[in-house]
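Reader: I am new to reading structures. Can we take some features one by one?

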Amino acid sequence: MASLKIKNICCIGAGYVGGPTMAVFAQHCPNVKVTVADINESRIKLWNDSDTSNLPIYEPGLDKLISNCRNKNLFFTNNIQESIANADMIFLSVNTPTKSKGVGAGKASDLRWVEASARQVAKFAQGHTIVIEKSTLPVRTAKTIQRILTNSQEINLKKPKKSFSVLSNPEFLSEGTAIKDLQEPDRVLIGGEDQIAINSLVDLYTNWVPCEKIICTNLWSSELSKLTANAFLAQRISSINAISALCEATEADITQVSKAIGLDKRIGNEFLSPGPGFGGSCFQKDILNLVYLCEYYNLDEVARYWEEVININNWQKDRIAKLIVNSLFDTVSGKKLAILGFSFKANTNDTRNSASIDICRDLLEEGAILSIYDPKVDIHQIKKDLEIKSETKDMGNCLFANSIESATQDAHAVIILTEWKQFKDIAWEETIKKMKKPAWIFDTRSLIDVKKAKGVGFDIWQVGNQTKNN
Ligand code: UDX
Ligand code: ADP
């Protein structure tokens, strides 16, 4: 099969997707030079820090990979121009948040960073370049990128002509298990029209991914598959969260229900854990993209169907904040509450769309004093997410705790929002001694041993589990 021999890869965007993905490419393609370029200087500095515990993102196994490949065939740089000019293949892995203003605000993706990076590629690329969209993007974005690439070149008859092939190669990694997901993907999806470009990318992947796991489709199927996969996953979580509320109202136990339905092969047992509501940079954004797309094509019923997945997610966060207030005698004003976990899931320092943000905001609004502990999220991020303006360590009604012990000291309640392993086996007997009574645990992740905690005197609410609460 005809293909191009790729010697230089550039990835624009050194974030949660670009960083880990390129580290795995570098590991498996030792003869390819992989350069990750980003406009953010401090981020690149951290990627180049000799102490890998300072990497800008926390992802299990990433530090080891970086130590092995960095400055051999993996490079992090702010020199975007040079990285683009040298590359035969460029991955676009920049941020694509939901638009906050203008047409499509609150639904459509903000493509300004994609457009800016495509324009940089158009300007600096040399010869023939394969451009790959890696960020989650609305359907038909590849066509937009293609137009920018072909239309925004300067006409200069003295310079050799440039050409581009655009492919879609969506990323399915899940944060916290990104390295494993990249090393052993369920599938690799490549969408495109130029067979030589497709073959060139397939050649790279076959260094570590079995051929039968590599699927090639047209551009739009590839783009839509990514949105659909995330919409289906998010839908499962909203489904199980909806049933968790029903379990609390009846005498069913959500862990038993999850197990019973998950044993049906057609349903499968993953993604059936109830929680405080899904977070992360993808689920909400992708569903909103889907809704926007359906509205654009006058498929209103389809748009409303998917929108409900988000509505249930918001309702879950809201009802949890309310039930905490109700349980604490209808007021949390002036009461210290220990918040355990701020990232949107365990094993990441990413807080984008974390349920913790909305739940903390609601509790702050009610006058609570929050003492927040997360093993990987730093104070600056928490301040940013909760829109705390002060420059000092003072966070008003928010305290930044550096251990479970200091978070829970004198608290009326412990609220577990992220399923970090260390929250599973807290020494409850010691903890309750230092708390106000009645002392509550609100476990939104079905994490703790309820019997043990109840045995030492806690009042407990656990998601989807009414029986244990009586
Ligand atoms: C997701 C997709 O899984 C991944 O394929 C895609 O590339 C990017 O979006 P990510 O957002 O990193 O990955 O994490 P994921 O594990 O999917 O979790 C998303 C949210 O759902 C988290 O808040 C998590 O806590 C929540 N969740 C997940 C549940 O509440 N219950 C579950 O059973 C699973
Ligand atoms: P993701 O989760 O999709 O990886 P992140 O926000 O973690 O998203 O990372 C996106 C990265 O892309 C950021 O580090 C940002 O600085 C970078 N970026 C955005 N626009 C450009 C650009 N035009 N050129 C280079 N880097 C860019």
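Reader: How do I read a contact with a ligand? Which atom of Tyr16 lies 3.1 Å from an oxygen atom of ligand 2?

Author: Look for pairs of N or O atoms within 3.5 Å. Here a backbone N or O atom of Tyr16 lies 3.1 Å from an oxygen atom of ligand 2. Keep in mind that this is a predicted model. Side chains take part too. A polar side-chain atom of Arg352 lies 2.8 Å from a ligand 2 oxygen. For Asn95, a polar side-chain atom is 3.5 Å from an oxygen of ligand 2.

Reader: How much of the accessible area of ligand 2 does the protein cover?

Author: On its own, ligand 2 has 590 Å² of accessible area, and the protein covers 90% of that.

Reader: How many residues surround ligand 2, and which are the closest?

Author: The count is 17. The closest are Tyr16, Val17, Asp38, Arg43 and Arg352. Sort the shell by class: seven residues are nonpolar, seven polar and three charged. Then ask where they come from. Helix 5, residues 112–124, gives the most, with three residues.

Reader: Now a strand. Is strand 9 enclosed or open?

Author: Check each residue for burial. Buried means under 20% relative accessible area. In strand 9, residues 336–340, five of the five residues are buried, so the strand is largely enclosed by the rest of the structure.

Reader: Which strands pair with strand 9?

Author: Look for bridges and their direction. Strand 10, residues 369–373, pairs with strand 9 in the parallel sense over five bridges. In that pair, Ile339 stands opposite Ile372.

Reader: Last, a loop residue. Is Arg445 buried or exposed?

Author: Apply the cut-off again. Arg445 has a relative accessible area of 18%, so this residue is buried. Its place is in the loop between strand 13 (440–443) and helix 17 (450–455).

Reader: Which backbone oxygens does the side chain of Arg445 reach?

Author: One belongs to Leu417, at 2.9 Å. Another belongs to Phe344, at 3.2 Å.

Conventions
Residues numbered from 1 in each chain as written. Chains lettered and ligands numbered in written order. Predicted model: local features only at pLDDT ≥ 70, side-chain atom pairs only at ≥ 80, totals over all residues. Heavy atoms only, no water. Buried < 20%, exposed > 50% of the residue type's maximum accessible area, 1.4 Å probe, protein only. Helix = DSSP H or I, 4+ residues; strand = E, 2+ residues; numbered from the N terminus. Pairing = 2+ DSSP bridges. Near = heavy atom within 4 Å. Polar contact = N/O pair within 3.5 Å; in protein donor to acceptor, adjacent residues only side chain to side chain. Areas by Shrake-Rupley, 256 points an atom, 1.4 Å probe, with all protein chains shown as cover. Nonpolar A, V, L, I, M, F, W, Y, C, P; charged D, E, K, R; others polar.
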